Amino acid sequence: EVLPSCVVLYVLWDDKALEALISPCTEAGCRCSVFMPAGPAQVDAAQRVRAAVVELHTGAYCEYFYETKHAQCEAEFENLKNMCGYAHSIGLEVHAGHGLTYETVKPIASLSELKELNIGHFLISDAIFNGLGTSIKKMKKYIEEARAS
């Protein structure tokens, strides 16, 4: 059964305020997700407020990739990898997204703890030039290749 989702965007603020927002959604049968930078304090806070899902923000990783800042890109990837493992280990479902493209998706998709990647903006932008079916098939191929390796 697919349940509706409630998304709380990006920054976790006061735990009590966030929990007050999430609680009624959870009671109504929604799985709540928090979209946040990858960090242990953020993951711990997501668990405290009883979010079911964390979506790790991959924007910095993608920016470093395109700015050819290799050391920062590798460090951000390691951070994302570690936080995927940590969030999963404490019982949170893990998603990731923001800024992912054909060039940046494979390393992220290779993280076994990730259940979902959010790549909608890129796919729609690419689809303007190449068609939605073509764009989705190409991205799916890259994700499947990453998962197989």
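At what angle do helix α2 (residues 40-48) and α4 pack, and how far apart are their axes? They pack at an angle of about 25°, with the axes 10 Å apart. The structure is a predicted model, in which local features need pLDDT of at least 70 and side-chain atom pairs count only at pLDDT 80 or more, while totals for chains, interfaces and linings use all residues. Residues are numbered from 1 along each chain as its sequence is written, and side-chain values use heavy atoms, with hydrogens and water left out.

- Two packed helices are described by the angle between their axes and the distance between the axes.
- Axes are lines fitted to C-alpha atoms, for helices over the stretch in contact, and angles run from 0 to 180 degrees between N-to-C directions.
- Helices α2 and α4 are roughly parallel to each other (angles under 35 degrees count as roughly parallel, over 145 as roughly antiparallel, 65 to 115 as roughly perpendicular and the rest as oblique).
- In α2, Pro 40, Val 43 and Asp 44 meet Met 83, Tyr 86 and Ala 87 of α4 (contact means heavy atoms within 4.5 Å).
- By class, this contact of α2 with α4 has 5 nonpolar, no polar and 1 charged residues.

**Helices α6 and α7**

- The axes of helix α6 (residues 120-130) and helix α7 (residues 132-148) come within 7 Å and cross at roughly 130°.
- The two helices, α6 and α7, are therefore oblique to each other.
- On the α6 side, Phe 122, Leu 123, Ile 124, Asp 126, Ala 127 and Asn 130 meet Leu 132, Thr 134, Ser 135, Ile 136 and Met 139 of α7.
- The residues of this contact of α6 with α7 divide into 7 nonpolar, 3 polar and 1 charged.

**The nonpolar core**

- The largest nonpolar core has 38 residues (a set of buried Ala, Val, Leu, Ile, Met, Phe, Trp, Tyr and Cys residues joined through side-chain atoms within 4.5 Å).
- Helix α4 (residues 70-89) gives the most to this core, with 6 residues.
- Val 54 is among the residues with the most contacts inside the core, as are Val 34 and Leu 56.
- Not counting residues up to four places away in sequence, Val 54 touches Val 34, Met 36, Ala 46, Ala 87, Leu 92, Glu 93, Val 94 and His 95.

**Ser 23**

- Ser 23 lies in helix α1 (residues 15-27) (helices, H or I, are DSSP runs of at least four residues, numbered from the N terminus).
- Ser 23 is buried, with a relative accessible area of 16% (buried means under 20% relative accessible area, exposed over 50%, partly exposed in between, with a 1.4 Å probe and protein chains only).
- The C-alpha atoms of Ser 23 and Glu 116 are separated by 23 Å, and the two residues are 93 apart along the chain.

Notes:
Ala, Val, Leu, Ile, Met, Phe, Trp, Tyr, Cys and Pro count as nonpolar, Asp, Glu, Lys and Arg as charged, and the others, Gly among them, as polar.
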